[in-house]
Every structure is written in structure tokens, then in C-alpha cells.
Amino acid sequence: MRRQVLRVKGCFAGSKAENLLEQGDMVLAINKEPVTCFRDIEHACQSLDRSNDSDGRLNLTIFRQGQEIELLVGTDVRDGNGTSRAISWCGCIVQDPHPAVRALGFLPDEGHGVYVARWCHGSPVHRYGLYALQWIVEVNGKPTPSLDAFVDVTKTIEHGEFVRVRTVHLNGKPRVLTLKQDLHYWPSWELRFDLETAMWRRKTIKALDSGVL
């Protein structure tokens, strides 16, 4: 059997391992059992589900800077469903950051629930420069740490009003910009994925003639 060792390439931002494991750590053992392949890690994680007294943590033996270190590292349960909610506002699509974004290892401290994934040509966000790859952390001075908080703030903004938006880019740089809301051509709406029916459902949040829903 070919001898090999697994190396930590990075940690998901917001995960329980983020502040414990470092890039370049060599994983030697889990719960005192040698680890030589990904399947060994899968077996160790699956054993947590079968254990009644487990606290969801694994005892990892790692090799870092010439020393063996033992760490108790918590695990995160992920459903694998991916994005289940997205909101269109002023021509940009915002959502909770998907796994590929978290895998880059950065989330803003101000809040990370409103990530700009896409934008549309000709929209207010296009004209005023609110592009993808950044988080909206504040609208008109009010924090927006989650999609619900973002909806609560933006649904009170009327057609034609100027909006002050504070963002944090994927590279960590903050920015403040102002844009003008256009509910006539760019109403606010939401898409939610229904797990029971496996269908997406669309709901208008605010349009020029509909008011607030």
C-alpha cells in the first residue's frame, strides 16, 4: 500500500475548524487511529452519528512545524442542498454565501448573510457600481447581517429614493456607495426552494404598484 498523508489546504470560513487548523497541517490520526486517505476521515465522521455520547468533535493528531499536536476539532453538519433562497434587489442577486465562497476562507465580521452573487446589465447596481463578489453589510446605516434583516430594511425604501450601501469585498476591502432605487423596472422579489415539492417559488417583496408584501 502506498504511504501518504493528508494535508490541510484550507478551512471553510465560519466552520468550527477555522481557528484550530492551519494551512499545511498534516493529519496523522483521528481518535488515535492512523489516517492515510479520505475514506478514513469519512469513517471517523460517520462514527460520530452512531455515538450517543458524542459532542460532535474529533481528536486530531496533526504535524505542524516539526511537532505533533493533538486538537479537539468540532464538525459541521451540512445538508448538501446548496442555495435555497435568493433575493433580487435593484438588479443584483443576493444570497447566503454558497460553499465555494466559504471555501475561500473569508467572511466579513460585520455580517455575512447578504452576498452579491450576480448583477444585471442596465440595473441600478450596474449604473452605480455594486458588483458581485462582495457582501452588503449595511443599508442606510442599518446593519444587514442576514437576508431577513436585509429585506426588513430594503422593503421600506420607496421608488426613486437614494440608498447608501456599505459593502465588504471578497478581498476584505470595505466600500460605501449610493444608488437610486428603481421599482418600475427593477422590483424586489424573492426565490425560495421548497424541499417538499422540489420547486422554486417566487414572491414579490416590493414593486412600484404593489407596495410591501
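Predicted model: local features only at pLDDT ≥ 70, side-chain atom pairs only at ≥ 80, totals over all residues.
What area is buried between domain 1 and domain 2, and what share of it do carbon and sulfur atoms give?

Figure 1. The domain assignment places residues 6–74 in domain 1 and residues 85–206 in domain 2. Taken over C-alpha atoms, the centres of the two domains are 35 Å apart.

**Figure 2. The interface between domain 1 and domain 2.** About 390 Å² is buried between the two domains, and carbon and sulfur atoms give 66% of this area. On the side of domain 1, Cys11, Phe12 and Ala13 supply 87% of the area that this domain buries against domain 2, more than any other three residues. The contact involves 5 residues of domain 1 and 6 residues of domain 2.

**Figure 3. Polar and charged features of the interface.** Between domain 1 and domain 2 there are 0 salt bridges. A polar contact is found for 1 residue pair across the interface, with both residues at pLDDT 80 or more. The residues of domain 1 that touch domain 2 comprise 3 nonpolar, 1 polar and 1 charged.

**Figure 4. An aromatic pair, tryptophan 89 and phenylalanine 150.** The count of aromatic pairs comes to 5. In the pair of tryptophan 89 and phenylalanine 150, the ring centres are 5.4 Å apart and the planes stand at 90°; because planes over 60 degrees apart count as edge-to-face, this pair is edge-to-face. Tryptophan 89 belongs to strand 6 (residues 85–89) and phenylalanine 150 to helix 4 (residues 147–154), so the pair ties together parts that are 61 residues apart in sequence.

How values were computed: Residues numbered from 1 in each chain as written. Heavy atoms only, no water. Domains from an automatic or database assignment. Contact = heavy atoms within 4.5 Å. Buried area = accessible area lost by both parts, 1.4 Å probe. Salt bridge = Lys/Arg side-chain N within 4 Å of Asp/Glu carboxyl O. Polar contact = N/O pair within 3.5 Å; in protein donor to acceptor, adjacent residues only side chain to side chain. Nonpolar A, V, L, I, M, F, W, Y, C, P; charged D, E, K, R; others polar. Phe/Tyr/Trp six-rings, centres within 6.5 Å; stacked < 30°, edge-to-face > 60°. Helix = DSSP H or I, 4+ residues; strand = E, 2+ residues; numbered from the N terminus.
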